[in-house]
Amino acid sequence: MILTLDVGNSQIYGAVYDEDRPRFQFRKSTHHGNSSDEIGLFLRAVLREQGIEVTDITQAAFCSVVPDMNHSIGSAILKYFSLMPFQLKAGVKTGLKIKYRNPVEVGADRIANAIGAIARYPNKNLIIVDTGTATTFCAISKDRDYLGGLIIPGLRLAMEALEQKTAQLPKVPIVQCEEIIGRSTIESIQSGLYFSHLTSISGISAKIKKSVFKDQDTMIIGTGGVSRIFESEGVFDELIPDLVHSGLFLALQMNVPLADENPRSRNKNENSANTP
């Protein structure tokens, strides 16, 4: 089995793959001060609840947009699973041609999404909309050129800004709205958040399709934490909430082929060899 982790600003989003299929997924709030022990114990507890032993995990991969979490994540996997994790970052094989002026700046989660998307839809122009702490738009050509994208505040970030920067506006649940006009303060905030984001997704996607892809056939893929609330609006051609894990799984296979030898034995032997 393979453990994949997407370390975001708000949540750590995990999955376990059994062969090439996700067996289950889980989430944990991101706390930048988490130690490797806290993360390792949490991961082991989650697996235990699913009837999975630590030794069942033979490989691990993660991507992260929180640099100060990288050491804790890597150390947790090494200490509690005896595995050297693969990190999706600049310099690894991706199958993409990154057209950013500085390719290092592209978020690892955006690269993972792109890898997963082109595997499902090869030879197609793609727009990927990821609704997380920030909502990101990525444009990938049918020739696997990662062209770039846009970043806007996500739904939760916008809601928290209203709550923190105003005297009378409360924090509200993020929900799908049917009526654009709210009849209470809470309904008005919910409607404003929902329809402003919906309009941004549809408008920006249409603009990318026209300006970048010259109205050629283009797939618009939705993914990320709150993407499902827009499922019935017709703004996505396909909704793939776990796209980042699919991309991580594929990136791992590209960079760290499955070894015949048990990786725990290999790590143990390497550590023994380095011991005076």
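This is a predicted model: local features need pLDDT of at least 70, side-chain atom pairs count only at pLDDT 80 or more; totals for chains, interfaces and linings use all residues.
Student: Which residues are the closest to the centre of the largest pocket?

Tutor: The largest pocket has a volume of about 710 Å³. It is lined by 31 residues, and the closest to its centre are Gly8, Asn9, Gly132, Thr133 and Ala134.

Student: Which element gives the most to the lining of the largest pocket?

Tutor: Several elements give two or more residues to the lining of the largest pocket, including β2 (11-18), α3 (108-120), β7 (125-131) and β8 (134-140). The element that gives the most contributes 4 residues, and that element is α4.

Student: Is Ser141 buried or exposed?

Tutor: Ser141 lies in the loop between β8 and β9 (145-153). Leaving out residues up to four places away in sequence, Ser141 touches Lys124, Asn125, Leu147 and Phe213. Its relative accessible area is 10%. The cut-off for buried is under 20%, so Ser141 is buried.

Student: How are α3 and α6 set relative to each other?

Tutor: The axes of α3 and helix α6 (residues 243-255) come within 7 Å and cross at roughly 85°. Angles from 65 to 115 degrees count as roughly perpendicular. Therefore α3 and α6 are roughly perpendicular.

Student: How many nonpolar residues does the contact of α3 with α6 have?

Tutor: Among the residues in contact are Ala112, Ile115 and Ala119 in α3, and Leu243, Leu250 and Met254 in α6. Other residues that take part include Asp109 and Arg120 in α3 and Ser246 in α6. By class, the contact has 4 polar and 2 charged residues, while the number of nonpolar residues is 10.

Student: What volume does the largest cavity have?

Tutor: Rolling a probe the size of a water molecule over the atoms shows where empty space is left. A search of the whole structure finds 1 cavity of 30 Å³ or more. The space in the largest cavity is about 40 Å³.

Student: How many charged residues are in the lining of the largest cavity?

Tutor: The lining of the largest cavity consists of Leu155, Val172, Pro173, Ile174, Val175, Gln190, Leu193, Tyr194 and Ile229. Helix α5 (residues 185-211) gives the most to it, with 3 residues. By class, this lining has 8 nonpolar residues and 1 polar, and the count of charged residues is none.

Terms used. Residues are numbered from 1 along each chain as its sequence is written. Side-chain values use heavy atoms; hydrogens and water are left out. On a 1 Å grid over the protein atoms alone, a cavity is a set of points where a 1.4 Å probe fits but cannot get out, and a pocket is an open set with protein on both sides within 12 Å along at least five of seven lines; lining residues have an atom within 4 Å of a point. Grid points are joined across faces, edges and corners, and a volume is the space filled by probe spheres set on the points. Buried means under 20% relative accessible area, exposed over 50%, partly exposed in between (1.4 Å probe, protein chains only). Contact means heavy atoms within 4.5 Å. Axes are lines fitted to C-alpha atoms, for helices over the stretch in contact, and angles run from 0 to 180 degrees between N-to-C directions. Angles under 35 degrees count as roughly parallel, over 145 as roughly antiparallel, 65 to 115 as roughly perpendicular and the rest as oblique. Ala, Val, Leu, Ile, Met, Phe, Trp, Tyr, Cys and Pro count as nonpolar, Asp, Glu, Lys and Arg as charged, and the others, Gly among them, as polar.
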